[in-house]
Amino acid sequence: MTVLERLPLVSRSGLHVLIGFAAVAMVMPLLFSGSQLFTWTTALAWVLFATATSVLFGWTGLLSFGQAAFFGMGAYTMALLYERDPEMSGFVMLVVAALVAGVVAALFALFALRTSGAEFAILTLVLAQVLWLLTYRVDWLNGEEGFHGLFGVKILGGPLTSDLQLWYYTTAVVGVCVWLLWLLSRSTAGQAMRAVRDDPWRAAALGIRVRRVQVSAFAVSAAFSAVAGALIAQGQGVVSPGMLTFAISGEILVACLIGGTSKFIGPVIGAVVLIWSQTLMSNIFHESNIFVGLLLLVIVIALPGGFVSLPGRLAGRRRRRPAKGESAPPPSGAATASDDLVEEGVR
Amino acid sequence: MSPIVVLEGVGKSYGGVPAVTDVNLEVAEGERLAIIGPNGAGKSTLFGTIAGEHRPTTGRVTFDGRDVTRHRSSSRAMAGMSRTFQVARLFPTMSVRDNLFMAALTGQRRGIKFWDMFSGHREVHERVDRAMEDSSLTELADAQASALAQGARKTLEMAMAIVQEPRILLLDEPTAGMGYEDARAATTQLKRMLDGRRDMTIILTAHDMDVIHSLAERVVLMANGQVVLEGTPREVAEHETTKALYLGHGGGAA
């Protein structure tokens, strides 16, 4: 991928991202099948969810404890659309889910971003909890029962009938979405998000509209999280209030922290590690949360920048004594992002 | 010459305590003005009301004929006002080059777009390269801003403000926190960066008389939140009021 990235056409258009996903799509079915392939499918949906969360948490430096709100919103949107019109194309449903979540997020952010730091994080948590409660209180959301039978959603004329079809479909959707997010990360808007995270005062003094950048980041993050939620709903065939719980919001932040957010690929790695450790541990020990918690603890203490900071750390260790005048590489990624949360936002 | 910045009866108080009261000031296009005064005289507050950091409690701020009293910093920046801070503010996780790129891009009033690739903008990148040469930062192009030494941080911030090609450049204590020699070097560097930009209006606050003598044409002296004296740097430096103020407060390099 790095060699490809050096070619100007490839690096401009992010072709290597698409090629990477195409390669993964083709190779995995040769190595895995059945429930293992299904775990990979789930992991890929979480790859999208984690990357979308990183837009907010990693790039823009806004901590949200309510990402499940949008993940669940995507799933419920798809379920409601399917109930209304089972003939509707799944792709249309994904687009609608993204739009609904994006608009709701933008409206919410306009209000919530009057606060910053911990207050903002709490408001996002409140949003997710309110939506979770609504699934029980609003009749047509079916409470604990939720929605079933989403296997039937039509893709290119018919429902997906095998794990393999679901796999190809999920990789295609996730591949395109992650590619779009990659382009965003290389756009001036993506750079403006980093600028706002690094120093909102400096950003405003340059003429960047800080609030607008934050609201956009929130909306984009929500829209793609909703697509991930809809993909999960389709893969599992079921939508339930569980998708709106704090456990989901917490897990996706864990995925970002494990992978690290200083590089685009960090959350991708984090999501795969999270889903596979959960699956393997619950298969072996019938319990995964303790293990994931320990993993997070080890990462946060021993590798604060997540897995993506590992190569830099190893390189740093090799040249233990830096040349005169050279300073150690400053910490980046998640650690920096959370530092900025302490900083007061621009009024 | 028409005034580019006009302050009319500008006052600012914090919780009823006045920091600045009834300041009237006109700055002509292309002029280089220094605001000086002992600590607590209100120069930083006044500077903040021009830059958009503080909203005045009374009075009006006009920039280029438009009332900008209620405009945020970002709007003022887009209208052609660039500033530095007393303690340099940079994007710490970005390289020197990317810091300058953000400044150059936003300075062009191009705005920020989702579909606009960072790697494009050849002419912006060229301006960034030139800015790095002018400010002797070329060698540090790929260094992360957080790894820079104090002097380089200040230089980078000034280069960011200048690369925006603003109509008015606001410099808040350009040599604050520097030792004597560093301050001299920084002043020389700043003069060099401003070479050939005679049309750029400059307002700066300073303690350091050397900076004022080499950069400013006109000086306003503030005390207790008011302008008490105006004149050329020499006039103000030699005036009894200035001497009394600085000696009276036992501080300042004047």
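**Figure 1. Ser89(A) caps the N-terminal end of H6(A) in this predicted model.** A side-chain oxygen of Ser89(A) lies 3.1 Å from the backbone nitrogen of Phe91(A). This is a polar contact (a pair of N or O atoms within 3.5 Å; within protein, one must be able to donate a hydrogen and the other to accept it, and residues adjacent in sequence count only if both atoms are side-chain atoms). Residues are numbered from 1 along each chain as its sequence is written, chains are lettered from A and ligands numbered from 1 in the order in which they are written, and side-chain values use heavy atoms, without hydrogens or water. Local features need pLDDT of at least 70 and side-chain atom pairs pLDDT 80 or more, whereas totals for chains, interfaces and linings use all residues.

**Figure 2. Helix H6 of chain A and its cover.** H6(A) runs over residues 90–112. Helices (H or I, at least four residues) and strands (E, at least two) are DSSP runs, numbered from the N terminus. The 23 residues of H6(A) reach 32 Å from first C-alpha to last, close to the 33 Å expected at 1.5 Å a residue. The expected span is 1.5 Å times one less than the number of residues. Buried residues of H6(A) include Met93(A), Leu94(A), Ala97(A), Ala98(A), Ala101(A) and Phe108(A). Buried means under 20% relative accessible area, exposed over 50%, partly exposed in between (1.4 Å probe, protein chains only). An α-helix has 3.6 residues a turn, so residues three or four places apart point the same way. The cover over the buried residues includes H5, H7 (117–137), E1 (154–155), H8 (163–185) and H11 (210–236) of chain A.

**Figure 3. Thr77(A) in helix H5 of chain A.** H5 spans residues 67–84. Thr77(A) has a relative accessible area of 12%, so Thr77(A) is buried. Beyond its neighbours within four places in sequence, Thr77(A) is in contact with Val96(A), Ala97(A) and Val100(A). Contact means heavy atoms within 4.5 Å.

**Figure 4. A nonpolar surface patch in chain A.** Ile290(A), Leu294(A), Leu297(A), Val300(A) and Ile301(A) form the patch, with about 520 Å² of accessible area together. Like charges are joined within 9 Å, nonpolar side chains (Val, Leu, Ile, Met, Phe, Trp, Tyr) within 5 Å. Areas come from the Shrake-Rupley method with a 1.4 Å probe; for residues, only the protein chains shown count as cover. Ile301(A) lies in helix H14 and is exposed at 65% relative accessibility. Val298(A) also lies in H14 (residues 289–302) and is exposed at 53%.

**Figure 5. Positive phi at Leu156(A) and Asp22(B).** Most residues other than glycine have a negative phi. Phi of Leu156(A) is near 50°. Leu156(A) sits in the loop between E1 and strand E2 (158–159) of chain A and is exposed, at 77% relative accessibility. Asp22(B) has a phi of about 45° and is found in strand E2 (residues 17–28) of chain B.

**Figure 6. Helix H6 of chain B.** H6(B) has 14 residues (180–193).

Technical notes: Patches are made of residues with over 30% relative accessible area and no salt bridge: like charges are joined within 9 Å, nonpolar side chains (Val, Leu, Ile, Met, Phe, Trp, Tyr) within 5 Å. A salt bridge is a side-chain nitrogen of Lys or Arg within 4 Å of a carboxyl oxygen of Asp or Glu.
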